[in-house]
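Student: I'd like to learn how to read the packing in a model like this. Can we walk through it together?

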Amino acid sequence: MSRVSESWPAPAKLNLFLHIIGRRADGYHLLQTVFQFLDYGDSLAFESRPGGQVSRAEGPRDLPEADDLCVRAARLLLQETGLREGVRLRLRKRLPMGGGLGGGSSDAATVLVALNALWRAGLTTDDLAQLGLRLGADVPVFVHGFAAWAEGVGERLTPLPDLPVPWYAVVRPTVAIATAELFADPKLTRDCVPLTIRDFLSGAGGNVFEPVARARYPAVAQVLDALSAYAPARLTGTGACVFAAFADEASARDALRALPGEWSGFVARGCNTSPLQDRLRRMSVDEGAA
């Protein structure tokens, strides 16, 4: 790899709906959801280091390096391939932690995909997705890089290449949601009737975590109600971020500006192919032209 390789995107995702349809014997919930990417997210740079060394030059200050999914992903790739490469990671965060936007999982997927290419490790996308699943249930969809219908614990993916790609206003309430508390809430619906892709495309499906989050976190309810004045608003993942779709960028920005100033947010375009895959293709083209 070159000494420094920069501008590797780790995009956000939205859950366009999220249902629980049962539970496995090991306690994991069986889900149905649709993932779509945004053209907004974190970014990573990779600096080559002496053999076998993995370290972090930039990253979340309140997250120990050993617990950082980026560091764990790089070490896992070394462990699985037996390579003697080393790397120093620079993670530039824009996605809020605990926002339901998949930031940590996306960061880990970008590390796996980028280092597999830079180190010429030769693993297939399916190989990388399997490694990613060991780091988190949402990592495989970021590795594959296509908008998808997801089942199981989120790892069984069916591409949805023709989803509409609206502009989204994404708003973060001033609250941190404890995901484990939502999963443990006795009022959480865990027996949704399974949907089909056709059901979803016809408008069926909601987010089973939304009523629980509303009840436990008034700040989430306030954002849902305020954004719904402009377009139907929904929780992504287990929250705390809330989103609404708009036909054009100007309408999304107008809605965001009209909300109370204490809430942070951003506007982004939906993507059915991950910006990470676009970055990987540009690298291949550049190498082919060299």
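Predicted model: local features only at pLDDT ≥ 70, side-chain atom pairs only at ≥ 80, totals over all residues.

Student: Which residues touch the most other members of the largest nonpolar core?

Tutor: In soluble globular proteins, nonpolar side chains tend to be buried together. A nonpolar core here is a set of buried Ala, Val, Leu, Ile, Met, Phe, Trp, Tyr and Cys residues joined through side-chain atoms within 4.5 Å; buried means under 20% relative accessible area, exposed over 50%, partly exposed in between (1.4 Å probe, protein chains only). In the largest core, with 42 residues, they are Phe46, Val111, Leu112 and Leu115. Helix 2 (residues 103-118) gives the largest share, 9 residues. Another core, of 32 residues, lies apart from it and includes Trp167 and Val223.

Student: Which residues of helix 7 are buried?

Tutor: Helices are DSSP runs (H or I, at least four residues), numbered from the N terminus, as are strands (E, at least two). In helix 7 (residues 209-216), the buried ones are Phe209, Glu210, Val212 and Ala213. They sit on the same side of helix 7 because they cover an arc of only 165° around the axis, taken from the directions from the helix axis to the C-beta atoms. Pro211 and Ala215 are exposed on the other side.

Student: And how many disulfides are there?

Tutor: Counting pairs of cysteine sulfur atoms within 2.5 Å, you get 0. For Cys70, the nearest cysteine sulfur is that of Cys241, 18 Å away.

Conventions:
Residues numbered from 1 in each chain as written. Heavy atoms only, no water.
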